[in-house]
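User: I am new to this structure and would like to learn how to read it. Could we go through it feature by feature?

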Amino acid sequence: MKAVLQARDVEKKFGAVVAAANINIDIFAGERVSLIGSNGAGKTTFVNMITGYLKPDQGQILLDGHDITPLYPRAITHLGVARSFQIPQVYGELNVLENMLVANACHDQRLSFWQPARRRQAIERADALLDRFALTEHRARRVAELPGGIRKLLDIAMALTSSPKLLLLDEPTSGVSAEEKFPMMETIMAGLGQDQSTTVLFVEHDMDIVSRYASRVVAFYSGRIIADDKPEVALATDDVRRYVTGELLSE
Amino acid sequence: MAIQGNRKATWSRKAVSTAVTLFASVCAMGSVQAQETFKVGIVSFLSGQAADSFGIPAVNGAKVLVDAFNKGSAPAPYNKVGFGGMKIEAIYVDENGGATKQVQEMRNLYDRDKVDAVVGYVGSGDCLAVAPVAEEMKKFLILYDCGTPRIFEDGKYNYVFRTASHAAMDNVALARYLKAKDIKVNSFNMINQDYAWGQDSKKDFTWTMEKLYPGAKAGEDQLPKFGAGQYGTEISALMSKQADVTHSSLWGGDLQAFILQANPRGLFKRTQVVFSAGDHVLPGLGDKMPDGVILGARGAYGLMSPKSALNDWWWDLYSKAYNVYPVQAPYRMVQSLLGLKLAVEKAMAANGGKKPNAEQLAAALRNSEWDSPAGKIRMALGGGHQAIQETAIGKTRYDAAKKMVVLDDIMRFPADCVNPPANMKTEDWIKAGFPGAKGCP
Amino acid sequence: MANQLGTTVSSIATPVRYTVMWALGICIALSLAGMVMPKWLTFLITMAAANGLVSLGIMVLMRGGVVPFGQGMVFAIGGYAAALLSNKLGIKDALLLTLCGGVIAALIAAPFAPLLSRYRGIFFAMLTLALSMVTYGLLMKLEVLGGSDGFNMGRPTLFGQKLPDESVGYIMYVLTISVSTLMALLARIYFDSTRGLITVAAKENELRVEYLGGSVRQAMAINFILAAFCGGLGGSLAVMALGHIEPNFSFWTTSGEFVFVAILAGWQSVIALFVASTVLEVVRSFSSSYFPNTWQMSLGIFLLIVIRFLPRGIGSLWVKGGGK
Amino acid sequence: MLTILIDGLTYASWLFIVALGLTLVFGVLKILNIAHGSFYALGAYAAASFVGWASAMKWAPGFTLVAMLLAAVAVAALVAPLIERGLLRFFYGRDEVLLVLVTYAMFLILEDATKLLWGANPYYVSEPYTLFGNIDIGNQTYVGYDFALVALALVVGMAVWWWLNRTQQGKIMIAVIHSSEIASSMGVNISRVYMVAFSVGIFLAALGGAFTAPMISVQPGVSVGVIIVSFAVVIIGGLGSIEGAAVGAIIVGLARSMAVHLAPVAELFSIYLVMAVVLMFRPEGLFQRIQARKI
């Protein structure tokens, strides 16, 4: 099995705050990796460094063995890394289909001045994805009017338009009511397609979700990795129970 | 010459003239078909920087004159009612807003308001822009004020006329005045606005000086931007380079600001200042105007206008209406309207009393000449389309008794002395040393 | 005004051939109407259309969320280019001159495009303003270009034909509205294209566009060049209709009016742009002939009323507004 | 060279006062006020009238200065609330460019309004200009009044600074300048702040106009020249930045006086050039920090 993503001694400080300290990690094709940790532990910083939004102070990030550390988000996206956002970054004033068309257009390598954005292939591809994410019924709705959960799904669907090899989900179920969380994850997993081609890295707080959907858990605490293993093992370690799930009181 | 001087002289003459006019108008009435009107579009600055000094005085002048015409109260030979019996209807348009707007407004005047003639335009740019349009539309256009010689030296027109001399006259006359009064000039500074008017004036003056004062060297050459308002820096520059004479073609608000700022700093004591177009600020500035400044009016206008029945009548007409005496702008307006009146009436005499069309008007005005309050206007240049006229230069003195600035040492320059002969460009004429200049004092 | 985007993209639905037919219809109708119109009106519309082209360029940029306050610069460049080519190099053909005006404006604008693509909001507006004012200063200076007075341009020809006094106005009118119609069409197609869509998206959320793999700066740069092209066309057409050009073409008030037209039109409809431009000309011309002393005031009041009560522009009158 | 410096400063002085108002209004209301020049003009006209009355009422010449100050106050007190409450507030929250157009319309209206109020004839306020006598420096004679203006500019600058940094109201202003959302969420009465800021801004414009009136002839068109140049100042200094306005004014003043003394030909667009260059290399102006977008 070869590593899709590798982090080598990645360090990042914001002033005195250590957001990442000697992060070393290999992510393998088809894995469903969950990043856990209390707020400010460095999960999102790590995601932002992978997508190139933040540059590490030290260390490298490799995609399929190529160093992507110096690249801009756009370049990294074109190399096959897509992400969704904790607060969905969707176009509230456009309808659902149009959002997908935007994603489509952005993904398009050879942009055209005259080719209509609404040409048939584009719409078909969009509809296919919408269908996989059970969004077809909302197809023509203005996104601003849609509930948060739907917007999160759309956000992810847009990210998937480029059929990336690595997908980063930033708290996919945050802001979703408890009873909706599981159906939500089900749809997402369904949306990802059964073939394990897409490697998924998702930041998550809900341990039930983690243990149900993650094939591997990476736990962060103040910028360091304090556990990296199968969910049942990782969640059982003392550090995780102390600093992440808070089952053990930190003395 | 001052207002008081005028008043005494005029009473009797007014009585006569009115009597004459009444009689004349009676005859006139019969000859012309009832209630026909002659529409004139009058364009000048009603807003913006040129409004106070040029536009509004000119329009004011036009208003009183048109009334006088319609009443038939102007002295002979201008005593026919209106234009040859036709009532004059004037439409006033603001020249502010740039040449593009002017072209559109003039088209509207001709096509929409159906005016028979347009009289207007102070800005050289506006004149350059509208002239070809009137030509293309085959409509009658009189440019009454703008200074640039380019219009008739670069272009050929059938329907476009300018009833005032172009700006070269002003600076040639200035330099000649200095020479005639043999003021010694080893060096001269200049301050002119950084646009066509200023740049042209500066060139004309420099070239003329090269001829009349071969030894004199040009020093500071300041070009503040139009409407700068603040001249402290320029004044320092002018003061730090000592010069016998300081020339400026500033006008309006800029000129007033310059004077107000330069006077306390003693510029006027250090150097002989000469203004090529400064007369129009005298009534306003009053005692704020330093003495001994040599200035022109772009013609024999205002305080330098020649004594004549016509001038006295006009002077009273204007100063009674607006209790300030007329300066250059209204003079140029009145001379254009007088010329237009005669042209119309001449054309009507030729075509049997009908309202003349553009061709007939043009034919009547071309190469014609007439008396204006500022002396004789002769359409001598540009194939009979560009006027030349006499001009005068004087020296300021604040007369505390009259509570006004008066001009002393007024020297008159006949048209042929300060204007190039026909078919010769101004620049060449000056550089060639004024060939054919006649009657210079 | 993000809440127009919805309709902007929805209106893509109308297939191109309908748009083309519409455009041709309008163009022909106007040309016919021109025969019976009074001359002042044809001229007014000619100028309105020429100015409209400049505002069309502004619209291209506004869809990306930036508004240039110095489009007078490209307007002037196009104008001077056409006038000089005709006076100095003897290129007389109106159509060719129009094209040259556009191309040259685009070429001169191109070097600035990468720089400007970094700017947003008021800074973009101000930098374009500054550039146009520098251009203005230069034009005032260059006496070969007639300095502040500018200079007159000889009458153009069309397809080798001289244009007689009687019909020159009408021919320029037809030429101008034809060019405008063509550009309006192309603009519509561009707006509906994939690039056009990215521009619209960049306006609401640049970051997301980047994360989806689209380049916002490239889009902005291209839009700026296209806008310059439109402005150049407008400038060259205007100068041919006027027969005169002067630095004022690049003055900030000129640019301001172009922006106003674009705002007045709103972003949905390209037609609205030319309607707006015409409305402005009409208001200006009538107010200055009926209130010679207060035309500026009446124009100002008109602007205020429009901005207040038609916040989404004239276009919103017939394009159904999306959103609240 | 001393002359260049002095000329630059005297030019910068009134410019600073005017630009300060412009930058304050932008900082707080986020409006780039094209009509600012018209308020400058209003100030000049008001000063003309007030000084006229003052001398009519036989005030001591020294008090003409007071009269000019009162003129500026009057403009701010009468016109500013009228425009802010009666017009601007209907446009708050629209995007910046739209607001620029609103002020452009205001500019057009005020142009004619002043003309209707004061007519087209020029006004003179020359009395105060001679109050401070003359000062000889080198071979130059300067008018004391010019230096008085520099002093005034300093006073105004410090007053505004003190107001913003040492008073409750000022601190609120600063807060609003940084983020009106946060400020209002903290319970600041935004609309009142707007009103105050706008009035102060207008007061400064009018003050600049009132105190330059003695050097110029007050007549139609004085506003136009002021607008772009004060724009240049605030853009160079950084929109909404007080210290920026000061630096910007000095830069513009010096740039201009250097042009005039060393290369008169360049005077016309020296200012625009500086403006363009600054924008290219320091878009936010010299005194503005960039706010990064968060996700």
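Analyst: We can begin with confidence, since this is a predicted model. In chain D, the element with the lowest mean pLDDT is helix α7 (residues 180-185), at 76, and the element with the highest is helix α8 (residues 190-212), at 90. Over the whole of chain D the average pLDDT is 83, and 95% of the residues score at least 70.

User: Which elements of chain A have the lowest and the highest mean pLDDT?

Analyst: Helix α9 (residues 238-244) of chain A has the lowest, 80, and strand β3 (residues 32-36) of chain A has the highest, 90. Chain A averages 84, with 96% of its residues at 70 or more. For the model as a whole, the scores are ipTM 0.83 and pTM 0.85.

User: How do I read the overall form of a chain, and what is the radius of gyration of chain A?

Analyst: Chain A has nine helices and 10 strands. Its radius of gyration is 18 Å, close to the 18 Å from the rule for 251 residues, so chain A is as compact as a globular protein of that length. The C-alpha trace of chain A spans about 60 × 40 × 35 Å along its principal axes. In chain A, 48% of the 251 residues count as buried. Of the contacts in chain A with a separation of 6 or more, 66% join residues 24 or more positions apart.

User: How many helices and strands are there in chain C?

Analyst: Chain C has 14 helices and two strands. A compact globule of 324 residues would have a radius of gyration near 20 Å, and the 19 Å of chain C agrees with that. Its C-alpha trace spans about 55 × 45 × 40 Å along the principal axes. Of the 324 residues in chain C, 65% count as buried. Residues 24 or more positions apart make up 82% of the chain C contacts with a separation of 6 or more.

User: Which chains share the most contacts?

Analyst: Five pairs of chains are in contact, and chains B and D share the most contacts among them. Chain D brings 38 residues to this contact and chain B brings 33 residues. On the side of chain D that touches chain B, the elements that each supply at least two residues are α1 (2-29), α4 (96-118), β2 (140-143), α9 (222-237), α10 (242-262) and α11 (267-281). That side of chain D consists of 16 nonpolar, 15 polar and seven charged residues. Chains A and B, by contrast, do not touch, and their nearest C-alpha atoms are 35 Å apart.

User: Which residues touch the most other members of the largest nonpolar core?

Analyst: They are D:Ala206, D:Ala232 and D:Val252, in a core of 472 residues. Helix α11 (residues 216-242) of chain C gives the most to this core, 18 residues. Domain 1 (3-166 + 306-388) and domain 2 (168-303 + 390-431) of chain B both give residues to the core, so it lies between them. To take one member, the contacts of D:Val252 beyond four places in sequence include D:Ala12, D:Leu15, D:Ala232 and D:Ile271.

User: What should I look for in the backbone?

Analyst: Most residues other than glycine have a negative phi, and most peptide bonds are trans. One case to look at is A:Asp9, which is not a glycine but has a positive phi of about 45°. A:Asp9 is in strand β1 (residues 3-14) of chain A.

User: Is A:Asp9 buried or partly exposed?

Analyst: A:Asp9 counts as partly exposed because it has 13 C-beta neighbours inside 10 Å. B:Phe434 also has a positive phi, of about 55°, without being a glycine, and B:Phe434 is in the segment after α16 (426-431) of chain B. B:Phe434 is buried, because 20 other C-beta atoms lie within 10 Å.

User: Which peptide bond is cis?

Analyst: The bond from B:Ala76 to B:Pro77 is cis, with omega near 0°. B:Pro77 is in the loop between α2 (51-71) and β2 (87-94) of chain B.

Methods: Residues numbered from 1 in each chain as written. Chains lettered and ligands numbered in written order. Predicted model: local features only at pLDDT ≥ 70, side-chain atom pairs only at ≥ 80, totals over all residues. Contact = placed C-beta atoms within 7 Å. Helix = DSSP H or I, 4+ residues; strand = E, 2+ residues; numbered from the N terminus. Nonpolar A, V, L, I, M, F, W, Y, C, P; charged D, E, K, R; others polar. Core = buried A, V, L, I, M, F, W, Y, C linked by C-beta atoms within 7 Å. Buried ≥ 20, exposed ≤ 12 C-beta atoms within 10 Å, placed from the backbone. Domains from an automatic or database assignment. pLDDT = per-residue confidence, 0-100. Rg over C-alpha atoms; globule rule 2.2 N^0.38 Å.
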